[in-house]
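Hi,

Here is the structure I promised to send over. Have a look at it first, and my notes on its charged side chains follow below.

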Amino acid sequence: MVSEHTLWFLFIGILLVSLASLRPFIRKFQVTVPQLQLLFGVAIGPLVLGLASLDWVQDAKLLEVVSEVAVIISLYATGVKMREPLLSKTWVPPLILASLTMVATISLVAGTGMLWLGLSLPAAILLGAVLAPTDPVLADEVQVDHASDDDPLRQTLTGEAGFNDGTAFPFVLLAVGLSSAGLHELGDNLWRWVVVDLIWKIAGGLLIGWGSGQLLGRLTLWFKDKGADWRGVNEVRSLGFIAVTYGCALFLDTYAFLAVFAAAVGLRNVELRAVEANKEEAEKAEELLREQSEVATTLERLIQVLLVVVLGVLLSSNPILGWQPWVFAIVAIGVIRPIAVLVTLPSGQIGRRNKLLCAWFGIRWISTVFYLSHAIVLGGAGSPTAHLPMVTACAVSTITVSIIVHGTTTNWLGEQ
């Protein structure tokens with residue numbers, strides 16, 4: 001009899017080879033690679049083959065660590081693609097989406113959770129916080145693809161994902177602090193939450209990341225002037241840079257996700273300045289960023305396979321049999337996200353058509369898995385026997401619906 005260990009290697013190998021080989025042909029059938037990865041996860045879970053099983057509460061720590069690594073790599077890849085000056089107006093729409101739109105989304109989701117699903121206030125805020133961040137990494141057509149890509153829609157959605165993966169953190173902490181006394185200190189009248197969690201940790205993460213990116217970029221160009229050659233070790237350098245930035249941000253008690261994104265943007269800014277300086281410096285800088293971008297994209301695709309398969313296993317291990325989470329997912333994607341964008345984002349920023357598309361493409365997955373797992377580890381949202389099952393069910397259903405409908409509609413967008 002073939003062992004489970006052997007089957008795992010066979011299935012993973014077949015999955016990777018098949019998806020890599022068939023990727024150019026899959027779009028013809030209106031199917032995306034993440035959709036196939038999700039089906040693979042469901043297939044190897046208890047619902048079909050029973051090769052793997054996961055529970056969001058019991059395996060929360062494992063899910064937290066895996067998704068944390070995925071978010072870090074995704075944010076670095078996202079930041080490297082944003083080739084815009086620091087004071088460019090291009091940053092305005094993403095900042096609005098990552099602040100005003102995100103608060104509106106959290107509020108609408110929380111209100112829906114309390115009035116319709118019967119969730120407590122902490123559980124409702126948690127559901128809103130874990131579903132507010134967006135991740136265009138699952139849809140190639142709506143994220144910045146190369147350095148000269150200046151499409152307003154792709155720049156806006158890519159920038160939004162980079163910022164709101166970090167700016168959602170204070171609201172997760174707010175939910176945990178409200179639900180479990182002593183697990184996260186909010187302060188009298190929420191003063192500590194506002195000053196530390198909302199202001200300092202966001203500002204500190206951005207400053208640390210920006211400084212880290214500037215420092216690495218300038219050091220790299222200096223070493224290249226001295227004849228340094230890093231061919232063959234660029235992956236190690238990139239991972240080391242990400243780890244150092246992330247570690248420094250954690251050490252100083254700031255939001256490390258924002259720091260990684262800002263570091264990648266800072267690194268790209270060094271290239272922009274070098275291009276303006278002289279041709280020789282521009283060539284070195286472009287080579288630096290090309291290497292970093294290729295490494296980040298490769299890592300991002302590998303981690304995408306792992307996380308979407310994990311999501312499929314979660315769905316197979318804990319099938320959502322009730323109708324409420326699925327209807328909630330449709331409402332969150334088709335009603336709440338569009339309303340939040342249309343109300344908070346001025347049409348003049350990116351144009352009416354792009355605003356409508358932006359309202360639709362509120363894709364969720366990696367950050368939702370991390371934040372919910374992190375909250376469970378901290379003990380938030382009440383006891384597992386109370387409101388947490390409904391929160392996790394709504395999170396899984398929303399990610400699943402997002403992968404299906406957003407993946408399909410981005411294929412249509414690519415054909416236009």
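Below is what I found about the salt bridges. Please keep in mind that this is a predicted model.

In total, five salt bridges were counted. Let me walk you through some of them.

One joins glutamate 160 and arginine 337, whose side chains meet at 2.8 Å, N to O. Glutamate 160 sits in helix H6 (residues 152–167) and arginine 337 in helix H12 (residues 324–344), so this pair ties together parts that are 177 residues apart in sequence. Both glutamate 160 and arginine 337 are buried.

There is also a network of salt bridges, which links Arg192, Asp197, Lys201 and Asp253. Within it, the side chains of aspartate 197 and arginine 192 meet at 3.9 Å, N to O. Aspartate 197 counts as buried because its relative accessibility is 0%, under the 20% cut-off. Arginine 192 has a relative accessible area of 23%, so it is partly exposed.

Lysine 201 and aspartate 253 form a salt bridge too, at 3.5 Å, N to O. Here lysine 201 belongs to helix H8 (residues 191–225), while aspartate 253 is in the loop between helix H9 (234–251) and helix H10 (256–277), so the pair ties together parts that are 52 residues apart in sequence. With a relative accessible area of 8%, lysine 201 is buried, whereas aspartate 253 is partly exposed at 37%.

Best wishes

How values were computed: Residues numbered from 1 in each chain as written. Predicted model: local features only at pLDDT ≥ 70, side-chain atom pairs only at ≥ 80, totals over all residues. Heavy atoms only, no water. Salt bridge = Lys/Arg side-chain N within 4 Å of Asp/Glu carboxyl O. Helix = DSSP H or I, 4+ residues; strand = E, 2+ residues; numbered from the N terminus. Buried < 20%, exposed > 50% of the residue type's maximum accessible area, 1.4 Å probe, protein only.
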